[in-house]
Amino acid sequence: MRQNVLRPGLLVDINDLPLNRVEDLPEGGLRIGALARMSDVAQAAGVVQRFPVISQALLLGASAQLRNMASMGGNLCQRVRCSYFRDATSPCNKRDPGSGCAALDGFNRGHAILGTSDKCIATHPSDVAVALVAMDAVVHTRGPADDRAIPIEEFFLLPGDTPEREHPLEHGELIVAIEVPATPTARLSIYLKFRDRESYEFALVSVAAAVRIQDGAIADVRLALGGVGTKPWRARRAEASLVGKLAGEASFAEAAGQELAAAKPRPLNAFKVELAQRAIIRALMTLTNGDTR
Amino acid sequence: MDGEIAALPAERGPSAQAVTLTINGEPRPLRIEPRVSLLDALREHLGLTGSKKGCDQGTCGACTVWVDGRRALACLTLAVTCEGHEVTTIEGLSAGGELHPMQAAFIDKDAFQCGYCTPGQIMSAVALLDEGHAADDGQIREWMSGNICRCAAYPNIRAAIRAVRDAAGGE
Amino acid sequence: MSGVIGQAVSRIDGPAKVTGSAHYSGEIALPGLAYAEIVGARVASGRITSIDTAQAEDAEGVAGILTHLNMPKVNNVPLLPSLIGGPAPGETFFPMQDDVVHYAGQPVAIVVADGLEQAQHAATLVQISYAETPSITTIDQGRADAYEPEKIFGGLMPAQTRRGNVEDGFAAADLLIDAPFRFAANHHNPIEALTTTAVWDGDQLTLYDSCQGIKAVQLTVAALLGLSPSKIRVLTRYVGGAFGAKAMVWPHVTLTALAAQYVRRPVRLALPRGQMFTSCGHREEQEQHIELGATSDGKLTAIRHHKISITSPFDDWAEPAFGVASQLYACPGFEGVHRLVRGNTMTPTFTRGPGEAVGVFTLECAMDELASELGIDPIELRLRNITDVDPNTGHPWSSYGLRECFERGARRFGWAGRNPQPRSERHGNWLIGTGMATAGYPIAFFMHTQRARAHLYADGTAIVQTATQEFGTGTSTVMTQVAADGLGIGLRDVRFEFGDTDLPNAGSPVGSNGAMMVSAAVHNAATAVRDQLITLAVSDSQSPLHGADPAGVVVAGGRMTLAGDANTGETYSSLMQRHIMSDAEAIGSWDPPPLDTPHGLLTFGAQFARVAVDADLGIIRVRHMVGAFAPGRVLNPKTARSQLMGGMLWGMSQALLEGTHMDTRHGRWANASLGDYLVPVNADAPDVDVELIEVEDHVTGPLGVKGVGEIGQVGAAAAIANAVYHATGYRVRELPIAVEHLLAHLPSGPASAAAGAQPDLT
């Protein structure tokens with residue numbers, strides 16, 4: 001709004017709705033109220049113990065001040081950081097459908113390489129959404145007609161031909177909670193974020209990873225990427241490649257390569273193809289070696 | 001508090017409205033449009049210019065204030081949404097003319113040069129200690145990274161925070 | 001001589017700044033204040049074909065709108081750097097005089113409204129159509145038409161520097177180093193945006209302006225508007241950072257004055273952060289190409305150092321790259337040439353360490369390469385080439401200290417025993433490297449007469465005044481010390497008054513000259529009052545000092561005594577009361593030595609850095625920096641260290657973070673925000689150690705002060721880049737150094753990215 005990108009006629013302050021609780025569900029999952037603040041969720045005992053990847057992703061996002069202010073529902077709905085979207089001047093199919101995409105041939109070092117279309121290559125900016133995608137979270141909404149439970153991967157829409165449509169919410173529909181189902185895999189989980197600046201910056205690439213190893217082989221793995229996708233990117237190809245394999249650098253590299261094979265880089269962000277693979281390997285090595293930075 | 005909120009009119013604006021904010025413990029009535037940020041309400045309407053405007057878009061931290069005791073960015077907060085909440089600014093930090101220990105430490109450690117980001121740094125630094133995020137330099141660095149100091153007094157800012165932490169008996 | 005000079009006094013403006021009660025230029029309460037918002041051109045080149053302000057004028061609260069259709073005409077004023085002491089517009093172009101657009105962001109309308117939000121909103125309602133013409137906004141686009149200007153830097157410096165014969169030097173060399181570098185544009189981004197408040201009272205104009213030189217603002221606005229300077233008063237005490245962005249006087253200042261005249265109300269303009277990228281200059285995009293020739297024992301024989309950069313359509317501005325680079329080493333042949341490309345940007349300007357921060361980067365990276373090639377320790381290589389005289393003139397340095405900088409910096413850093421082999425140290429995933437560089441910054445005697453007034457009351461307290469301003473350098477603290485020292489009274493008995501053009505003249509503190517020139521005038525004013533009273537005492541038969549040699553009288557704590565005999569003397573107060581004097585006053589002035597003074601004039605230093613580079617991901621973090629500097633006499637080590645530390649961290653930022661990128665399609669900066677233009681945050685800043693080496697200097701004013709404003713930055717980026725090479729074995733020839741430059745040159749690709757993999761020592 002401040003940048004004249006959005007011009008709403010009516011703003012509704014929902015901050016006093018009773019939606020700010022973080023609940024541990026009995027079977028080991030979480031229910032996070034849509035208005036729970038990032039900082040509160042990050043330090044909730046159930047999140048820290050059961051889902052370290054979510055806590056870490058939250059704490060690596062934005063700044064302490066912004067984390068005190070930003071709600072979880074707002075985080076999922078935040079708009080992209082593409083400077084052409086935000087300058088209120090350049091062609092942008094997200095801001096002004098049909099006007100074109102200035103980023104395609106512009107300064108696109110920070111833009112996406114996965115899930116792009118010829119209408120939009122803006123990177124989804126959220127960190128915690130990457131962790132939530134890895135954890136198969138479900139977004140609960142309440143609309144004028146009914147309540148819905150939307151699997152989080154379906155909550156984020158690829159730009160395709162309609163980049164202006166970022167999520168499936170209908171007019172009048174509000175996120176009320178995010179549920180994270182119980183999974184034993186989550187206890188060995190990590191969020192790594194790589195960026196030019198040490199803090200207070202969006203990711204060049206980030207990785208949410210969780211693994212469960214049985215008898216030396218990967219029994220379950222969750223992998224999602226931030227900073228490289230037009231939506232928080234669940235790395236399903238890499239996951240499929242890894243299940244049943246021996247945990248080790250070779251299998252990690254192969255999986256990373258398979259995931260990024262689909263990348264469509266532009267000249268200025270081509271390095272992200274390599275960087276993302278190395279980040280995946282680093283995350284998995286860190287989890288399986290107990291190697292920390 | 002719920003009752004208070006419910007008593008407010010449902011829809012206000014776009015013209016200037018009567019709003020009462022609680023700033024540094026005092027009720028401050030003013031007339032502002034709903035689009036006025038907390039930062040502009042403080043600076044342009046209430047004469048409280050200690051909170052600084054650096055970027056007006058949440059990327060520098062110069063406007064850091066406390067809302068209900070938690071640090072927040074006044075430039076990204078609409079003033080009308082602060083009704084019923086306690087806002088604390090740098091002007092409300094020190095009681096009765098005595099400097100807060102953090103303010104004194106900033107002077108002693110030369111933790112600023114131009115001084116423009118300093119009120120925000122101090123509001124963050126005091127909150128940091130309250131939050132328990134100053135155990136070591138690594139924590140201080142990360143949890144103070146929402147406040148840009150273009151003069152780059154960062155090492156001295158850390159020194160000031162350490163001094164106040166240690167004088168208070170550590171964490 | 002109270003000994004207060006050299007004390008680590010805490011900032012006297014500290015209490016005001018830490019409590020939020022220090023008022024900056026946008027924080028002056030004024031009745032009837034209106035708010036201005038500039039509308040910037042969307043295109044970089046072309047004409048305005050139509051401009052429709054009707055909707056904006058109808059918007060609530062709008063008081064008036066100026067465009068080229070109703071803007072008064074202003075005078076042409078040549079561009080001269082503000083350190084000269086005259087009018088100093090940042091560019092010779094003044095907007096809204098016609099319909100031509102020269103650069104994106106150029107002001108094309110200014111909207112004034114009752115409220116800030118109303119002005120911001122109305123500015124979006126001004127409808128402008130352009131006939132856009134092709135623009136040139138990068139060196140690459142204009143390279144074919146590059147030219148060699150006669151002069152650069154506002155006509156102040158020649159575009160070429162030559163000594164000896166470089167061809168002979170290269171012929172005599174055993175080894176050649178040939179290194180091209182590219183540098184992204186930089187924007188200063190002080191956290192306080194440029195802000196002007198203009199108030200007219202009849203034909204008298206008062207400006208509150210966020211600037212580096214209130215006198216320059218007064219003179220520039222007077223020249224542009226054709227007003228007498230006596231009609232204009234500029235009041236500026238505190239400035240929220242400057243770094244060169246506020247060294248020149250940019251069009252928005254005068255536009256605000258004109259807007260206030262138009263709406264007949266006080267008007268405030270605070271540039272939004274996005275407009276900070278198109279309103280107050282920048283460090284220009286540039287390329288530098290350096291060739292070194294050296295003998296096998298490491299003696300330089302020739303340096304050829306060329307720069308190409310982009311300037312505006314109207315001014316031949318390049319920051320001078322070869323001042324220091326031509327002076328650090330006793331190389332017989334030197335050739336430095338600036339070339340320019342005219343483009344559709346505003347005129348570039350001073351940015352911290354102007355010219356030298358980039359020129360020395362190039363030289364010092366090449367020197368590191370030479371040291372590697374020759375197998376000579378980088379410090380030893382420098383020691384073999386440094387010189388006790390300015391190699392350009394043969395004059396001895398006014399003061400030196402570079403050897404001590406190397407020695408003490410190296411000791412503090414732990415340089416001895418360094419393994420010169422790249423990639424020789426690894427901790428976990430981090431490759432560790434160390435690097436160093438020489439630092440230097442010129443002392444420029446371009447300023448005119450500096451003046452200050454000292455006013456001593458009979459109770460022994462004083463007011464000392466000069467027309468400077470405090471932008472974080474510590475000048476208000478340091479000048480209080482200088483005044484107290486000169487008067488021989490306590491620090492608490494001096495009030496230093498500044499920030500008002502009605503006070504005696506001080507120049508714009510730019511180019512690290514502030515402490516030197518302002519302290520000279522303050523010292524001379526203070527000692528003039530002291531000497532008046534000593535003269536009175538020694539000639540007063542009732543004084544215990546009667547008949548004493550004035551030169552043998554010292555003053556401390558407001559009491560004049562014989563040197564070596566503290567019991568013989570009296571206070572200023574007793575003398576003044578006896579003579580029924582309520583006060584004593586003097587103006588002190590100082591003129592710099594002539595430009596052709598027979599001395600080499602540089603401040604020297606040495607920089608050291610330790611970096612960690614992620615062996616797989618190429619992320620670079622600086623772990624430790626040490627700088628040793630010889631800035632003449634240190635007036636206040638506390639504030640001096642802070643400024644040097646800040647400069648060093650600017651060097652870190654120059655090396656690793658800062659770059660503004662041009663989108664050439666419409667000639668607009670693509671990352672014009674503090675979210676996209678990265679400056680360091682707390683977590684980026686390593687611990688920084690500063691060593692101060694005091695050297696006596698009898699040329700640079702009565703106190704022997706050199707300067708600390710820029711030299712902290714000069715060489716710091718080179719030390720970091722050299723450390724990145726030492727860590728990785730790869731030299732990046734582009735700033736800022738980023739992940740993508742290193743990724744293909746790290747020890748391990750995806751197939752061997754394991755932590756603890758053996759480094760590949762190639």
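Residues are numbered from 1 along each chain as its sequence is written, and chains are lettered from A and ligands numbered from 1 in the order in which they are written. In this predicted model, local features need pLDDT of at least 70, side-chain atom pairs count only at pLDDT 80 or more, and totals for chains, interfaces and linings use all residues; side-chain values use heavy atoms, with hydrogens and water left out.

**View 1. The largest nonpolar core holds 265 residues.** A nonpolar core is a set of buried Ala, Val, Leu, Ile, Met, Phe, Trp, Tyr and Cys residues joined through side-chain atoms within 4.5 Å. Buried means under 20% relative accessible area, exposed over 50%, and partly exposed in between (1.4 Å probe, protein chains only). Phe106(B), Leu292(C), Met560(C) and Ile720(C) have the most contacts inside this core. Helix 12 of chain C (residues 514–538) gives the most to it, with 13 residues. Helices (H or I, at least four residues) and strands (E, at least two) are DSSP runs, numbered from the N terminus. A second, separate core has 62 residues, among them Val112(C) and Ile232(C).

**View 2. Leu292(C) and the residues it touches.** Contact means heavy atoms within 4.5 Å. Leaving aside residues up to four places away in sequence, the partners of Leu292(C) include Phe170(C), Leu175(C), Leu176(C) and Ile177(C). Leu300(C), Ala302(C) and Ile303(C) are also among them.

**View 3. Chain A meets chain B.** Here 21 residues of chain A are in contact with 28 residues of chain B. The area buried between them is about 1,900 Å², and carbon and sulfur atoms give 50% of it. Buried area is the accessible area (1.4 Å probe) that two parts lose on being put together, summed over both. Arg2(A), Gln65(A) and Tyr200(A) lose the most area on the chain A side, together 34% of what that side buries. The count of salt bridges between these chains is 1. A salt bridge is a side-chain nitrogen of Lys or Arg within 4 Å of a carboxyl oxygen of Asp or Glu. Arg70(B) and Asp40(A) form one, at 2.8 Å from N to O. Helix 4 of chain A gives the most to the side that touches chain B, with 6 residues.

**View 4. Chain C meets chain B.** The contact takes 57 residues from chain C and 48 residues from chain B. Together the two chains bury about 4,200 Å², 54% of it on carbon and sulfur atoms. On the chain C side, Val18(C), Ile191(C) and Asn682(C) lose the most area to chain B, together 19% of what that side buries. There are 6 salt bridges between these chains. One of them joins Asp110(B) and Arg11(C), with the closest N and O atoms 2.6 Å apart. Helix 14 of chain C gives the largest share of the side that touches chain B, 9 residues.

**View 5. Helix 3 of chain A is largely enclosed.** This helix covers residues 52–59. It is largely enclosed by the rest of the structure because 6 of its 8 residues are buried. The buried residues are Pro52(A), Val53(A), Ile54(A), Ser55(A), Ala57(A) and Leu58(A).

**View 6. Two cis peptide bonds.** Most residues other than glycine have a negative phi, and most peptide bonds are trans. A cis bond joins Gly13(B) and Pro14(B), with omega about 5°. Pro14(B) is in the loop between helix 1 (2–7) and strand 1 (17–23) of chain B. The bond from Leu735(C) to Pro736(C) is also cis, with omega near -5°. Pro736(C) is in the loop between strand 32 (734–735) and helix 16 (739–742) of chain C.

**View 7. Positive phi at Arg264(C) and Ser512(C).** Arg264(C) has a positive phi of about 55° although it is not a glycine. Its loop runs between helix 7 (251–263) and strand 14 (267–270) of chain C. Arg264(C) is exposed, with a relative accessible area of 75%. Phi of Ser512(C) is near 65°. Ser512(C) lies in the loop between strand 22 (494–497) and helix 12 of chain C. At 17% relative accessibility, Ser512(C) counts as buried.
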